[in-house]
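Hi everyone, thanks for coming. Please have a look at the picture I'm putting up, and then we'll walk through it together.

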Amino acid sequence: MAKQELSDDERRQVRRDFAEAVNMTPKELEDWLGTEESRSAGQSDGDGESVGHASGRRIVEILRAKQSDLDDDDHAHMKKVVGYVHRHSAQRPQGDVTGTKWRYSLMNWGNDPLKD
């Protein structure tokens, strides 16, 4: 089945939602992805890298790309990121989340829940 192409309005909405969900800069995310904490969070897809860590690398590329260079695959990944951030944020554990796998996983997806 072929992917349905997004309308201009749908692309704009995806970009707005993505900008709201991803609150880390490309540099912050790139630096974070280089840490052991980042690599230790999330589920591995078999090659040793977690799905979230791989997603984080893709998010850095998207953040650094010109809007006009983003294709349908990029927009699909952006939608996936928004969905993940919303679902995972709703599962916030009680208490201080500073050093938790929950926070580390969200950060791999470009969202630091401790950042305003």
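Let's start with F18. Beyond its neighbours within four places in sequence, F18 is in contact with I59, I62, L63, M78, V81 and V82, where contact means heavy atoms within 4.5 Å. Before I go on, this is a predicted model, with local features needing pLDDT of at least 70 and side-chain atom pairs counting only at pLDDT 80 or more, while totals for chains, interfaces and linings use all residues. Residues are numbered from 1 along each chain as its sequence is written, and side-chain values use heavy atoms, with hydrogens and water left out.

Buried is under 20% relative accessible area, exposed is over 50%, and partly exposed is in between, using a 1.4 Å probe and protein chains only. In soluble globular proteins, nonpolar side chains tend to be buried together.

Stepping back, the protein chain has six helices and zero strands; these are DSSP runs numbered from the N terminus, helices being H or I with at least four residues and strands E with at least two. The radius of gyration is 14 Å, close to the 13 Å from the globule rule for 116 residues, so the chain is as compact as a globular protein of that length. That radius is taken over C-alpha atoms, and the rule is 2.2 Å times the number of residues to the power 0.38. Of the 116 residues, 38% count as buried.

Now for the charged side chains. How many salt bridges are there? The count comes to nine, with a salt bridge being a side-chain nitrogen of Lys or Arg within 4 Å of a carboxyl oxygen of Asp or Glu. One of them joins D74 and R58, whose closest N and O atoms are 2.9 Å apart. D74 lies in helix 5 (residues 72–89) and R58 in helix 4 (residues 51–64), so this pair ties together parts 16 residues apart in sequence. D74 is buried at 14% relative accessibility, while R58 is partly exposed at 25%.
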